[in-house]
Amino acid sequence: MMTFQGSHILSVSQFDRDAISRILDVSAQMAPYAARQKRCHVLDGAILNSLFFEPSTRTRVSFGTAFNLLGGFVRETVGEENSSLSKGESLYDTAQVISGYSDVITMRHPQMHSVAEFAKGSNVPVINGGDGANEHPTQALLDLFTIKSEMAPYQKGLDGLNIVLMGDLKHGRTVHSLSKLLSLYDNVKVTMISPKALQMPTNVVDTLVNAGHQVEITDTIEDNLACDVIYQTRIQQERFASQDEADLYRGHFSLNRHVYQQYCKNHTVIMHPLPRDSRPEANELDTDLNDLDNLAIFRQAQNGVLVRMALFALTLGVEDKLTQYEKPITWYSNKY
Ligand code: CP
């Protein structure tokens, strides 16, 4: 099994099934702390530097929340314009300096492979919060955690999963990382629904096919949604040359209650990494699904806190000390 302590988390390619199983087990142990049933201050005094050079709500805030929930301090840099990268400083130099101020670093950057380049200059673990259209490994891990927990009531799991990935599969880094992780399981069927110009990169498809999985590539919704999980994605406007080009593809694969009732199974779970684009011209996941029990999107986002807590505990080597550092909650909370 991989050694977590002191390791960078840059790509899902680092993980085998045992490593993923360990991460998901430690994530589950974080649930009482995230639910405010008790506190854990195992990272009391530790410092996270959070460097987000691209917009983010969930990843940035849930990394910070996760670190705070384990007792650590968080310092944030948001936007390249607020960093000396904008003065021409290299990623290597920035990493040398920031790692001197930190115990662990989380980073998002618009360029593919930039986080790995940064990590070469860092003396502390670096966790990839998304590098351009390349990867989003912590999202893929929280997606696996969500699939596992959402499928459990149906006596289903990751082996034998029938999943639909839909939307902008070319630029969506979350579906790239998730597909690579799913390739580690057995007998998975992946249906990839996208406009022809936004199909999944060949190397990602090959990873699944070479592992013996069934992959269907199509540009139609009809008769392709009878599955366990639909993983919807947004047209990634920021990866197109212009808004006009992105507009060509918006609104093609909207999922709403009518489509769900017509084509999905009773147990089909809907996931989306979020943000969903709720503008009328996009609306890839209609708000008329909001009261559907199988809409897992907000549970999915919440699971991000658990998985990111687990990654901090594992990379900083405290995953077996959690219970030694527990305290009671002293304030009102309606979370439990
Ligand atoms: N899922 C996700 O990465 O969301 P943010 O862009 O808000 O972090």
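The centres of domain 1 and domain 2, taken over C-alpha atoms, sit 25 Å apart in what is a predicted model. Domain 1 covers 12–136 + 303–327 and domain 2 covers 137–298, with bounds that come from an automatic or database domain assignment. Across the divide, 29 residues of domain 1 touch 26 residues of domain 2, contact here meaning heavy atoms within 4.5 Å.

The ligand lies between the two domains, because both of them give residues to the shell around it. That shell is made up of Ser56, Thr57, Arg58, Thr59, Arg108, His136, Gln139, Pro273 and Leu274, a residue being counted if one of its heavy atoms lies within 4 Å of the molecule. By type, the shell splits into two nonpolar, five polar and two charged residues (Ala, Val, Leu, Ile, Met, Phe, Trp, Tyr, Cys and Pro count as nonpolar, Asp, Glu, Lys and Arg as charged, and the others, Gly among them, as polar).

For Gln139, an N or O atom in the side chain is 3.0 Å from a ligand nitrogen. Of the 250 Å² that the ligand exposes when taken alone, the protein buries 92% (Shrake-Rupley method, 1.4 Å probe).

Local features need pLDDT of at least 70 and side-chain atom pairs count only at pLDDT 80 or more, while totals for chains, interfaces and linings use all residues.

Technical notes. Residues are numbered from 1 along each chain as its sequence is written. Side-chain values use heavy atoms; hydrogens and water are left out. A polar contact is a pair of N or O atoms within 3.5 Å; within protein, one must be able to donate a hydrogen and the other to accept it, and residues adjacent in sequence count only if both atoms are side-chain atoms.
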